Amino acid sequence: MDYKKELQEIIDQIGSAKNRLADVTEAMDLEGREVDPLDEALDALDDAIDIMEDLLEEEEQG
């Protein structure tokens with residue numbers, strides 16, 4: 001199985017979801033709604049992407 005390809009596809013999907021969530025978060029914020037939990041979710045998605053990208057880099061070097 002090509003793990004690098006699979007991980008890259010997952011990273012792309014999470015990136016897309018993160019962008020959609022950012023749009024929703026911004027719209028809710030403009031309406032004055034509470035968005036702190038969504039901001040935390042966005043941070044978690046960023047962390048997940050970083051972890052997978054680091055793993056990809058290790059696979060390419062190793």
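Among contacts in the protein between residues at least 6 apart in sequence, what percentage join residues at least 24 apart? It's 64%, with a contact meaning heavy atoms within 4.5 Å.

This is a predicted model, where local features need pLDDT of at least 70, side-chain atom pairs count only at pLDDT 80 or more, and totals for chains, interfaces and linings use all residues. Residues are numbered from 1 along each chain as its sequence is written, and side-chain values use heavy atoms, leaving out hydrogens and water.

View 1. Helices (H or I, at least four residues) and strands (E, at least two) are DSSP runs, numbered from the N terminus. Along the principal axes, the C-alpha atoms fill a box of roughly 50 × 15 × 10 Å.

**View 2. Helix H2, end to end (residues 36-61).** The expected span is 1.5 Å times one less than the number of residues.

**View 3. Where H2 meets H1.** Leu42, Ile49, Met52 and Leu56 of H2 are buried, meaning under 20% relative accessible area with a 1.4 Å probe, protein chains only. The buried residues of H2 pack against helix H1 (3-30). Across the protein, 19% of the 62 residues count as buried.

Technical notes:
Buried < 20%, exposed > 50% of the residue type's maximum accessible area, 1.4 Å probe, protein only.
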